[in-house]
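Here are my notes on the model you passed along.

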Amino acid sequence: MNELTIELAAGQSRFEPGETIRGTARWRLDEVPDETLEVRLFWYTEGKGELDVELVETVELGSVSAAGSRDFSFSTPAAPLSFSGKLISLVWAIEVVALPDGDAGRQEIMISHTGDEIRIGTPEVLDGGQD
């Protein structure tokens with residue numbers, strides 16, 4: 001059974017725009033991949049409506065053996081920020097993918113100026129946070 005994982009430096013999963021994400025992709029595959037492994041930074045939506053996905057950056061790991069690890073880094077973009085609402089949420093993630101099979105390991109992250117996702121539809125957001 002294939003195992004693919006993302007480990008982020010110091011266990012950090014919350015990042016500010018412009019911050020560098022550092023981590024390690026690890027894999028143990030049943031056999032050497034036909035093509036390569038990729039590490040991807042992307043966001044996707046969950047909730048009502050159609051799924052939206054945008055691939056922001058990809059790092060190709062090139063020729064790899066059936067088991068190993070490789071360090072990676074990404075710079076977080078300025079937008080969009082992580083948010084959660086009543087109908088839809090925007091989630092950031094990093095995944096390592098074995099090609100062409102598509103087996104993947106994923107780690108969700110948060111990109112925010114405050115360290116917390118934006119909550120849409122909460123009273124604090126609707127009135128500007130003023131009492």
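The numbered points below go from the overall picture to single residues.

1. A word on ground rules. This is a predicted model, in which local features need pLDDT of at least 70 and side-chain atom pairs count only at pLDDT 80 or more, while totals for chains, interfaces and linings use all residues. Residues are numbered from 1 along each chain as its sequence is written, and side-chain values use heavy atoms, with hydrogens and water left out.

2. The overall layout. The chain has 10 strands and 1 helix, and along the sequence the order reads β-β-β-β-β-β-β-β-β-β-α. Helices (H or I, at least four residues) and strands (E, at least two) are DSSP runs, numbered from the N terminus. The C-alpha trace spans about 60 × 30 × 20 Å along its principal axes. Of the contacts with a separation of 6 or more, 66% link residues 24 or more positions apart; contact here means heavy atoms within 4.5 Å.

3. Buried residues are 36% of the 131 in the chain, where buried means under 20% relative accessible area, exposed over 50% and partly exposed in between (1.4 Å probe, protein chains only). The chain exposes about 7,800 Å², with carbon and sulfur atoms supplying 46% of that; areas come from the Shrake-Rupley method with a 1.4 Å probe, and for residues only the protein chains shown count as cover. There are 10 positive and 25 negative charges, yet their mean positions are 4 Å apart. Lys and Arg count as positive, Asp and Glu as negative, with His and the chain ends not counted; each charge is placed at NZ of Lys, CZ of Arg, CG of Asp or CD of Glu.

4. Strand β1. Which residues of β1 sit on its covered face? They are L4, I6 and L8, while E3, T5 and E7 lie on the uncovered one. In a regular strand the side chains alternate between the two faces of the sheet. β1 (residues 3–8) runs antiparallel to β3 (residues 20–28), with 6 bridges between them, and I6 stands opposite A25. Pairing requires that DSSP finds at least two bridges between two strands.

5. The main core. The largest nonpolar core holds 25 residues, and L37, V39, I94 and I109 have the most contacts inside it. β1, β3, β4 (37–47), β6 (67–75), β8 (88–98) and β9 (104–111) each supply at least two of its residues, and β8 gives the largest share, 5 residues. A nonpolar core is a set of buried Ala, Val, Leu, Ile, Met, Phe, Trp, Tyr and Cys residues joined through side-chain atoms within 4.5 Å. Leaving out neighbours within four places in sequence, I109 is in contact with residues including L8, F15, I21, L41, W92 and I94.

6. W27, worth a click. W27 is in β3 and is buried, at 6% relative accessible area. What does W27 touch, not counting residues up to four places away in sequence? Its contacts include E3, L4, L37, L61, V64 and R70. L4 is 23 residues away in sequence, but the two C-alpha atoms are 4.4 Å apart.

7. The β4–β5 hairpin. β4 pairs antiparallel with β5 (residues 53–60) through 7 bridges, and R40 has T58 as its bridge partner. The two strands form a hairpin with 5 residues between them, and G49 in the turn has a positive phi of about 85°.

8. Cis peptide bonds join A79 to P80, with omega about -5°, and L99 to P100, with omega about 5°. P80 lies in the loop between β6 and β7 (83–84), P100 in the one between β8 and β9. A10 is not a glycine, yet has a positive phi of about 55°; A10 is in the loop between β1 and β2 (14–15) and is exposed, at 85% relative accessible area.
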